[in-house]
Amino acid sequence: MNRLFAKKSFIIHIASFLLLPAIITCPLFAQGKSAPAASEAGNLLYIDKCGHCHGIEGAGDGDAAENLLPRPRDFTSGLYKIRSTESGNLPTDQDLFEVISNGMPGSSMPAWKGLLSEDERWSLVAQIKTYFDGFEEASRRVIDLSGKIPYSEESVAKGKTFYAELGCVECHGVLGRGDGTSAPDLTDESGFRSWPANMEHSWNFRGGSATEEIFKRFIGGIAGSPMPAFVSSFRLGLTDAESARIIALEDQDEMTEEEEAEYTQLEEKAYEYEDIMLRIEEGEEITHEEQNKLDEAMKPIFEKSWHLANYVKSLGREGRPPAAVGDKVLRSQYFVGDLPGLNDAAWSEIKEASYFPLVGQVVIEPRQFNPSIDSVTAKSYYNDNEAAFLFEWDDRTKTLPQADDETGETVEDAIAIQFPVKVPKSPSDPKPYFIWGGRRPVYLWHWKVSEPNKITEMNAKGIDKATVQASQSQMQVEGVYEDGRYRLWVKRALKTDDRNDLKFEPETFIPIAFSAWDGANGDVKTKRAISTWYSFVLDPVPSNKRFVYPPVVALISAGLLFGLRKSVRNREKLNQ
């Protein structure tokens, strides 16, 4: 019991003293512009623009709060997720201004830049600070970024090792898609569900996806969330081998006398640094030698955090992919021979999948205000008789049919691919209502995780008016879930005998849309993520002339060369 208490106490103190070398040896770093004094105009602006979610008194209890996840920030708590400051510190005024300006991607917090003037946004900063008294007397230390380790393959490789060693995989998953074993059970400080970040979707990183911003999240933690300050994962003053040894000893049910002595020696070494930090906290002076010891002890923590930041940076792409419109539309490429299966290498020859953004369905009850699936990607091939599609989407959990804890409804993961029954002749022709049709019907492929090798063909004239087709096509289907991602392969004949089935014609732009259900997020019936209409097209069948032209050109070229050579020789004879 004493060892457990000592361990927890040690971690708490460590987490309270991030960046001590920077604190002691360096002045405060620039904290940006400061907010003006709070004003009545700022209060009225806050009520008008922010109160609906954050509450009139800033307690995160606005009228819309109940439907939002993550919940709006409770400004009275003094806990702020996105900061440039150390763990346990309040954000700078500049931090608050940037969150207001840029929003919180992947949440309901919009970017107010462009909607409010700079002065108006600063007045909101001043108003928000009035909800927590600690801003008045708080001294804030900004995280030191001066030791940045440049991005390189070597650094990424080291970061990948630390990603596993430090337990990041438990929440964020093997490939960083937020599908770790702990992911379904994570909650924030108020007990609300908190999903770990999908590191491939870096455009949703709150606070930014630059390496420096990622590093700040590791060093400062994300207050009020399950994401801790990284320093709590280290034993300050101990080598990696010593840290591993003390953890191994703590995990044992009993220790021998020799092990007890070894454990005590390691504890005393770690407590030596804790004692120095406690003295600093109490305002005592420390010796130059003690300062140097702290500097050296913090170096490996900073270095590992930079390597880890570089690794996380490597997992995501720069910016959200462009939606499947214009030159990004889903183009089914002509394929000679049998179409590739789910795991065929031919799919990798299509370098960029078409990207279809999804949003929550909020038109009809039950609504989904907090969708967890934000996109579907697709690739396609076709030959003279069939078309094959590869659909992929990220889902942090694989949810087989089960009863929802809140509603009692049976939920499971699923997707529906939607087409019009009748393809518009031109882009200006009307399409069916994008939420499963209306007077104009839609044709659906409905897939469920409980039947991974089956698709049900349906027709619908409204979101709650879908019927299963009496005649089902002979479609080939294979669906798999791995590392936080679903992959669904579908193959169907270009044309069928059923008049309700869509006919695939080359060079015809066909509307396509999606619905996706995440059972773990309570999705069921109309509560789902949806897309608007996009398009796909079967590219023209390559002409056989492409096989004729090259040899013809080669023959013509050879003939010209032969004629030129003969002409030169004739001239040489005449000149002799």
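This is a predicted model: local features need pLDDT of at least 70, side-chain atom pairs count only at pLDDT 80 or more; totals for chains, interfaces and linings use all residues.
**Cysteines.** Start by selecting Cys 53 and Cys 50. The count of disulfides here is 0, and Cys 53 shows what that looks like: its nearest cysteine sulfur, in Cys 50, sits 8.6 Å away. Cys 53 is partly exposed, at 25% relative accessible area. Cys 168 counts as buried, with 10% relative accessibility.

**The largest nonpolar core.** Next, pick Phe 391, Trp 445 and Phe 504. Out of 36 residues in this core, these three touch the most other members. Colour the strands that give it two or more residues: S4 (375-382), S5 (386-394), S8 (414-420), S9 (442-448), S13 (485-493), S14 (510-517) and S16 (534-538). Then zoom in on Phe 391. Beyond its neighbours within four places in sequence, its contacts include Val 376, Ile 417, Trp 445, Leu 488, Val 490 and Phe 514, along with Thr 377 and Arg 487.

**Another core.** Select Ile 143, Phe 215, Phe 230 and Leu 236 and you land in a second, separate core, this one of 29 residues.

**A pocket to finish.** Show Asp 404, Glu 406, Asn 521, Gly 522 and Lys 527: of the 35 residues lining the second largest pocket, these lie nearest its centre. The volume of this pocket is about 960 Å³. Colour the lining by type and you get 13 charged, 11 polar and 11 nonpolar residues.

Methods: Residues are numbered from 1 along each chain as its sequence is written. Side-chain values use heavy atoms; hydrogens and water are left out. A disulfide is a pair of cysteine sulfur atoms within 2.5 Å. Buried means under 20% relative accessible area, exposed over 50%, partly exposed in between (1.4 Å probe, protein chains only). A nonpolar core is a set of buried Ala, Val, Leu, Ile, Met, Phe, Trp, Tyr and Cys residues joined through side-chain atoms within 4.5 Å. Helices (H or I, at least four residues) and strands (E, at least two) are DSSP runs, numbered from the N terminus. Contact means heavy atoms within 4.5 Å. On a 1 Å grid over the protein atoms alone, a cavity is a set of points where a 1.4 Å probe fits but cannot get out, and a pocket is an open set with protein on both sides within 12 Å along at least five of seven lines; lining residues have an atom within 4 Å of a point. Grid points are joined across faces, edges and corners, and a volume is the space filled by probe spheres set on the points. Ala, Val, Leu, Ile, Met, Phe, Trp, Tyr, Cys and Pro count as nonpolar, Asp, Glu, Lys and Arg as charged, and the others, Gly among them, as polar.
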